[in-house]
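Please keep the sequence and the structure in view while reading.

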Amino acid sequence: MKLVKKFLYIFAILFLVTSCGGKVKTEQRVDDNVYWALGNINQTVEEAAQLTYEPLELSYNNISDKLGPDPAYVWVKIKFTINENLKNKPLGMVIPYLHFSEKAWLNGAFLGQYGEFEPRQYSVQYQAHFYALPQELLNQSGENEVYIKLFSFGTGTISDGITIDEYAKASRTAALYTFACSKVYLFFSGILFCAFLLFFIFYFARKEKNMLNFAMICLTSFVFLSFYNAPEMPYYGSVSWAGTFLFTKVIQCCFFYFTMYAIVTFILTFVGVGQSKQFVIFKRTVVAITVIITLAMPDYSSLSKICVPMIITYLLHFLLGISSVVKSLFDKEKRKKARIAARGFSPMVITLMFDLLIRHIFRNINFPYFVLFGLVFTIVYFIVYFSIDYGLVYGQNQRLTDDLRREVELQTVDLTLAKEKLELEVEKSERDMQMAAIVQENFFTKPPKQFLGWNHDIAYEPLDKVSGDLFDFYSDDGEKLKGFSLFDASGHGVAAALVTMLSKNIIHRYFNRAYENYFPISYALGEINDEIIAAKGDVENYLTGIMVRFTDLGDSCKVELASAGHPYPIVYDSELKECISLKDMENGPHYGAIGLAGFEVAFCNIQFQMKPDDIMLCFSDGLTEISDKDNNEFGRARLEKIIRENADLSANDLLSLIKKQVMEFIGEAPKEDDITVILLKKVNQLEML
């Protein structure tokens with residue numbers, strides 16, 4: 001009982017904070033000046049002003065008590081004269097609870113709306129309704145009238161506690177109401193969902209039905225609770241196409257049944273009360289029948305008629321669980337578990353009775369559902385209980401572990417021998433890998449010297465001993481540069497390296513064919529794609545790549561470039577002193593990589609000229625995607641900045657600077673991909689570097 005008292009004390013504090021914290025001396029209550037008249041969907045506010053109004057008592061279900069649960073349109077008029085301490089100030093009006101949806105006007109001017117009318121029928125549920133009252137619309141010395149066109153559907157209600165206050169204070173008051181009656185349940189939903197995952201994992205770890213049954217309580221309660229905080233959830237608007245009526249039947253009604261069934265099932269299993277197979281079938285049949293009946297209801301009127309019988313049915317079901325706990329208190333074998341169950345569920349029972357008293361006796365809807373606080377307390381209580389119980393089991397397992405440790409020690413000798421054998425195999429694999437790296441390095445050799453009219457440098461850094469990157473330079477006589485290519489095989493390691501070695505001669509052959517026959521480079525990429533698909537068979541790796549062809553024009557040269565899913569090079573224009581965008585030069589569709597059978601590809605040519613002092617930086621994506629310890633990528637923009645600020649350097653010095661800044665950027669972070677960089681700087685034809 002001490003625990004229960006502490007629990008109620010916490011809720012008393014929450015009530016004071018959420019319900020009373022927003023009350024300020026400047027607020028003006030208008031509960032005594034609220035009137036109503038029956039209307040229809042097509043009436044305008046001007047027509048509503050001509051209706052005959054009656055005083056409206058503000059309480060829970062006050063509209064549905066007059067008109068029933070079926071759809072109806074009601075005009076609510078609120079009259080007020082501004083208090084002296086509120087005159088000539090920005091004001092706001094707060095209605096703690098209004099159901100179902102409404103539109104509001106101040107002195108004939110539209111203020112806004114909450115929810116939607118037919119046919120969509122959308123409600124903001126338990127959120128408070130806040131309206132800004134513009135000064136230019138207010139009669140500072142005379143009477144003001146607020147007209148509310150209310151769509152009453154189901155439990156039609158406009159609650160008491162309607163206040164006029166300074167805008168900022170009224171906004172805070174509305175926020176407190178919304179937090180207490182809607183947003184706070186998001187926190188509870190998080191607890192329930194986490195508890196569901198926790199107990200579901202426990203069930204698979206220990207195969208105890210108690211764990212599974214309690215996980216089901218958490219899951220069904222989580223879904224049931226979504227009815228009360230639905231507007232705070234991202235899915236609410238997307239499911240409203242099904243109609244709030246269907247949403248109410250499924251979430252509020254059916255999952256209430258499921259939750260009550262799960263609670264009673266857990267109580268009986270936890271306490272150890274035996275259930276015959278026939279009894280279990282009977283309970284499940286009752287749940288199935290009540291769900292079918294509920295879903296079959298065509299309208300709110302018929303649904304409201306079955307609510308009381310359904311609630312009585314499940315309260316009797318719950319009393320079955322309570323009676324089993326009471327009986328077990330007198331059974332020596334079951335007494336301990338019965339006391340635990342009684343303590344665990346007592347907050348839920350107490351807060352349930354408290355809610356029934358507030359809403360159905362005092363008819364007040366401005367308070368949160370305290371039973372949900374009680375349910376969360378019950379969840380936390382059993383989390384603690386099962387955690388302690390799990391700790392005891394862990395102690396027993398620890399003793400078993402000590403026994404197993406001795407057995408493990410007996411196996412250590414055998415494992416040591418196996419380890420030594422494995423180390424020999426690893427050493428052999430390392431030698432083989434080193435040999436493969438030497439072969440690949442000789443296969444992808446750098447040009448022995450500079451080309452006529454070009455100053456270039458290359459960085460080639462495999463992630464492993466072998467690389468998935470390949471590059472090649474094409475020249476007539478070792479001096480005149482016809483072009484180059486850079487390709488990147490997917491993945492890295494041996495498989496990617498084999499694909500590059502398979503592909504190099506194919507790429508080289510088709511480049512020369514395109515060069516000699518004046519075929520577009522993009523056409524060559526298409527032929528390369530077809531042959532590599534046929535050559536590599538079932539190997540899954542594919543390639544992205546860039547192919548570039550140069551045509552001398554004296555001191556300048558024509559550049560023809562095509563890409564197969566590879567990052568475009570960075571091209572620096574020495575006259576503009578800027579990096580130009582190759583993406584903007586595309587002259588057709590561009591998609592696809594090399595070596596993917598069954599996928600359509602399209603490669604387009606890009607053409608431009610390079611003049612002396614122009615720079616081209618071509619790279620595999622390992623350069624731009626390399627990251628620091630915070631997962632920030634080095635990126636293309638940093639490369640462009642380095643080139644712009646240091647364009648006067650030679651190719652060798654500029655590439656060295658890039659490598660230095662990359663290493664400073666990543667610090668101690670590990671590399672995750674192969675990196676290949678080719679940097680070319682156009683120089684005067686007569687200059688040999």
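## The largest cavity

Helix α16 gives the most to the lining of the largest cavity, with five residues; helices (H or I, at least four residues) and strands (E, at least two) are DSSP runs, numbered from the N terminus. A cavity here is a set of points, on a 1 Å grid over the protein atoms alone, where a 1.4 Å probe fits but cannot get out, and lining residues have an atom within 4 Å of a point. The model is predicted, and for that reason local features need pLDDT of at least 70 and side-chain atom pairs count only at pLDDT 80 or more, while totals for chains, interfaces and linings use all residues. Residues are numbered from 1 along each chain as its sequence is written, and side-chain values use heavy atoms, with hydrogens and water left out.

The structure holds four cavities of 30 Å³ or more, and about 100 Å³ of space lies in the largest cavity, where a volume is the space filled by probe spheres set on the points, and grid points are joined across faces, edges and corners. At least two lining residues come from each of β13 (454-461), α16 (651-666) and β22. Among the residues that line the largest cavity are Ala459, Glu461, Leu655, Lys671 and Val677.

## A salt bridge beside the cavity

Two of these lining residues, Glu461 and Lys671, also meet through their side chains in a salt bridge (2.8 Å, N to O), a term that requires a side-chain nitrogen of Lys or Arg within 4 Å of a carboxyl oxygen of Asp or Glu. Glu461 lies in strand β13 and Lys671 in the loop between α16 and β22, so the pair ties together parts that are 210 residues apart in sequence. Glu461 counts as partly exposed at 29% relative accessibility, and Lys671 counts as partly exposed at 32%; buried means under 20% relative accessible area, exposed over 50%, and partly exposed in between (1.4 Å probe, protein chains only).

## Other salt bridges

A search of the whole structure finds 14 salt bridges. In one of them, the side chains of Arg509 and Glu531 meet at 2.6 Å, N to O. Arg509 lies in helix α12 (residues 494-517) and Glu531 in helix α13 (residues 521-536), so this pair ties together parts that are 22 residues apart in sequence.

Asp476 forms a salt bridge with Lys482, with the closest N and O atoms 3.6 Å apart. Asp476 counts as partly exposed at 47% relative accessibility, whereas Lys482 counts as buried at 6%.

## A buried lysine without a salt bridge

Which side chain of opposite charge is nearest to Lys682? Lys682, in strand β22 (residues 675-682), is buried yet has no salt bridge, and the nearest such side chain, that of Asp552, is 5.4 Å away; Lys and Arg count as positive and Asp and Glu as negative, while His and the chain ends are not counted. The side chain of Lys682 does reach the backbone oxygen of Gly453, at 3.3 Å.

## The largest pocket

A pocket is an open set of points with protein on both sides within 12 Å along at least five of seven lines, and about 1400 Å³ of space lies in the largest pocket. The largest pocket is lined by 45 residues, of which Tyr228, Gln252, Ile311, His360 and Tyr369 lie nearest its centre. Among the elements that give two or more residues to this lining are α7 (244-271), α9 (300-328) and α10 (335-361), and α9 gives the most, with ten residues.

Conventions
Polar contact = N/O pair within 3.5 Å; in protein donor to acceptor, adjacent residues only side chain to side chain.
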